[in-house]
Amino acid sequence: GGAALQKGTLHTIQVPVPGTQPCDTFGLHNKLPQLKSLYDAGEAIVLPNIGALVEPVNVEQYKSKSKRLPPSLFAHNIMQRSMHNLHAQSASSTGVLGRITNALTQKAAPYKTRMYSLMGNVKIVEGSSSPEMINGRHGIVRFSELSNFEAAIANLTKEKSESFFAETFSSVLETSLLQTEQMGAMLDNVELNTTFPESDLGGQFDKVAKVIKLNKNVLEMERAAFVTKLGGFDTHNSFDTVTGDVKFDQINGAISSFVEEMKAQSAWDDVAVLTVSDFGRTISSNGLGTDHGWGGNMVLLGGGVDGGKFMGKFPHKLGDDGELNIGRGRVIPSTSWEAVWKGLAEWLDVPADKLDEVLPNLKNFPPDQVFGKAQLFK
């Protein structure tokens, strides 16, 4: 019904090896021309029907509950948690970027590693040192009254207390103020070659690009992770006017400027961008829009990405008789998040003996269902 897109409006991309997917020609939304350009240039991988899993499961196993499943399927908050921690069955599990950061900083020859969040202290960055918080519009927000209270704060934080909590609070307060003041001042002075769109996501990618430029000259981080966010895809009451005309247009503009800026900085080959979401939408309509699905289609972008191909399997049929359709147009993921994060972790140089720690469910998936660094990167 109304959720379908007109074929004539789509950008077409070709599957490089005919017969490896149900179709040899696929369509990209007309508001995503940059994605087509990157795919055709061999710098984008399509990840079809990817999502949260604990172990492989088919329709019969799903209905009989004979396999472990992520909890609270189709609930935003729990599925977002599963996307962030890649350990769906464990509510207390730390975030996948937090675990990757630990693996990189605890090596025999550790990497200088930092996380930056433009969406607050979310689950994906939990479990390691606190990330740098950056505001997409204002950059790093500094304490405007610091000069007036600097002496009082110094006096407050130097006092030794018998309380562990008081000491921790004092230490965090002092460190936070120093970091935001120093980093904020540096970030304010970075000038880019590219103008970014004045959208929410455009502002976030502008700040990411500035940190990357600052890193090359000042920070000298060897590994860094950035988390950005764009919401508003919960289209129960609308179709393409929200996701396509507004949201996809934002994504296209932000990515276009980011690619241009990374190339200007000679950094594009050292950057990877992965899109993630809690779930895709139902294929069938509810009459007004679409509801919460399961598997979705994502992309991995970067100058060093071995792109122009699909990694994973698109379903042969999408209707009620589809091999992965569990009803209401919800499709079981044919690929787990572990599949792409394994290759990303290896690309970042996470040691092989740390992969099961970084990805607790990795061992549940056969080797031919996950992607290594050599499959994702040149």
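R68 counts as partly exposed, at 43% relative accessibility. In this predicted model, R68 forms a salt bridge with E55, with the closest N and O atoms 3.3 Å apart. The pair ties together parts that are 13 residues apart in sequence, since R68 lies in the loop between α2 and α3 and E55 in the loop between β3 and α2. E55 itself is buried, its relative accessible area being 13%.

**Overall fold**
- The protein has 11 helices and 10 strands.
- It is made up of 378 residues, of which 49% count as buried.
- Among contacts with a separation of 6 or more, 70% are between residues 24 or more positions apart.
- Carbon and sulfur atoms hold 52% of the accessible surface, which comes to about 18300 Å².

**Nonpolar cores**
- The largest nonpolar core has 53 residues, and L47, I100, W294, L300, W337, V340 and W341 touch the most other members.
- Elements that each supply at least two residues of this core include β3 (44–51), α4 (96–105), β8 (296–301) and α9 (337–347).
- The largest share, six residues, comes from α9.
- Not counting residues up to four places away in sequence, W341 touches L86, V96, L97, I100, I124, L274 and L359.
- Another core, of 42 residues, lies apart from the largest one and has L192, L201, L230 and V271 among its members.

**Surroundings of F196**
- F196 sits in the loop between α6 (164–188) and α7 (200–219).
- F196 is buried, with a relative accessible area of 8%.
- Beyond its neighbours within four places in sequence, F196 is in contact with G202, F205, D206, A209, A254, S257, F258 and E261.
- I255 is 59 residues from F196 in sequence, and their C-alpha atoms are 9.3 Å apart.

**Other salt bridges**
- The structure holds 13 salt bridges.
- D234 forms a salt bridge with R281, and the closest N and O atoms are 2.9 Å apart.
- D234 lies in the loop between β6 and α8 (240–264) and R281 in the loop between β7 (273–274) and β8, so this pair ties together parts 47 residues apart in sequence.
- D234 is partly exposed at 37% relative accessibility, and R281 is partly exposed at 22%.
- K342 forms a salt bridge with E346, with 2.8 Å between the closest N and O atoms.
- K342 and E346 are separated by about one helical turn, because they are four residues apart in helix α9.
- K342 is buried, with a relative accessible area of 17%, whereas E346 is partly exposed, with 21%.

Methods:
Residues numbered from 1 in each chain as written. Predicted model: local features only at pLDDT ≥ 70, side-chain atom pairs only at ≥ 80, totals over all residues. Heavy atoms only, no water. Buried < 20%, exposed > 50% of the residue type's maximum accessible area, 1.4 Å probe, protein only. Contact = heavy atoms within 4.5 Å. Areas by Shrake-Rupley, 256 points an atom, 1.4 Å probe, with all protein chains shown as cover. Core = buried A, V, L, I, M, F, W, Y, C linked by side-chain atoms within 4.5 Å. Salt bridge = Lys/Arg side-chain N within 4 Å of Asp/Glu carboxyl O.
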